[in-house]
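Please look over the structure below with an eye to its charged side chains. The briefing after it is arranged by topic.

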Amino acid sequence: MTPSDTSVGVVIPTRGDRAEWLREAVRGALDQEHVRDVVVVADGVDALAVADQVDGLPVRVLPNRLSPGLPGARNTGIAACATGLVAFCDDDDVWLPGKLAAQVAAMGAGAWFAGCGIEVEYGGRVVPRTAGTATVTAADLVRSRMVMVHSSTFLFRRGAIWVDESAPGGQNEDWDLALRAAKRRPIACADRPLVRVRWGGSHYAARWADRIAGLEWMLARHPELAEDPRGAARVY
């Protein structure tokens, strides 16, 4: 792979329980420039059943071959891609037109990891959330979780980083991934809403024990979170 390789492999994990949204996520990916491969990873569900849900669409469906849960499913997808770049999309989110083109352009200055703005859909409302900056630093992510630095916006050089599968219940694996990336080089941000995120569809929102364990895991991995007064107050 060379730095000029802008082919994208898209990784979409699914538990197979929201077929209509999954198809919408796949179509949103296939409509983008730069996409060469879409890999749907069946996590804890029969891959053949998921293949039926995306029948007729030019995608690959694979079983999660690593740790059960979202981190393992994402790493399974990364390993299956042979493209220059890898992008994540959750099965309940959808990319908007021009998402990848804007991010590839934002990476042109030498960045290897990029995000973008989002629009949050919840309770019948759609609210844009942007970063207000063209680059996101590790200090930014320590001070604030920055909801727009969302896993469905992630685009990065294949092989440059992997999801940590030790995240309790898969909690905060995306925040950890972004922080590790930003510590190496600021994240490029195409700062306009280019992904629609459906908060009401999250599998994680009400799993309180896992959420607490995930925050403790983050504090152990990134002790600087406890050193920034605003960041620490938010975590605690």
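Predicted model: local features only at pLDDT ≥ 70, side-chain atom pairs only at ≥ 80, totals over all residues.

Residues are numbered from 1 along each chain as its sequence is written, and side-chain values use heavy atoms, with hydrogens and water left out. Side chains of opposite charge can pair when their charged atoms come close. With a salt bridge taken as a side-chain nitrogen of Lys or Arg within 4 Å of a carboxyl oxygen of Asp or Glu, the count comes to 16 salt bridges.

**Arg18 and Asp92**
- Arg18 forms a salt bridge with Asp92, and the closest N and O atoms of the pair are 3.7 Å apart.
- Because Arg18 lies in the loop between strand 1 (8-14) and helix 1 (19-30), and Asp92 in the loop between strand 4 (85-88) and strand 5 (94-95), the pair ties together parts that are 74 residues apart in sequence; helices (H or I, at least four residues) and strands (E, at least two) are DSSP runs, numbered from the N terminus.
- Arg18 counts as buried at 15% relative accessibility, and Asp92 is buried with a relative accessible area of 4%, where buried means under 20% relative accessible area, exposed over 50%, and partly exposed in between (1.4 Å probe, protein chains only).

**Arg198 and Glu24**
- The side chains of Arg198 and Glu24 are joined by a salt bridge with an N to O distance of 2.9 Å.
- This pair links distant parts of the chain, with Arg198 in strand 10 (residues 187-198) and Glu24 in helix 1, 174 residues apart.
- Arg198 counts as buried at 8% relative accessibility, whereas Glu24 is partly exposed, with a relative accessible area of 28%.
- Both residues belong to a network of salt bridges that links Glu24, Glu119, Glu121, Arg196 and Arg198.

- Arg74 forms a salt bridge with Asp90, the closest N and O atoms being 2.6 Å apart.
- The pair links distant parts of the chain, since Arg74 is in helix 3 (residues 70-80) and Asp90 in the loop between strand 4 and strand 5, 16 residues apart.
- Arg74 is buried, with a relative accessible area of 1%, and Asp90 is buried as well, with 15%.
- Glu173, placed in helix 6 (residues 173-184), counts as buried at 2% relative accessibility.
- Leaving aside neighbours within four places in sequence, Glu173 is in contact (heavy atoms within 4.5 Å) with residues including Arg74, Asp164 and Trp217.
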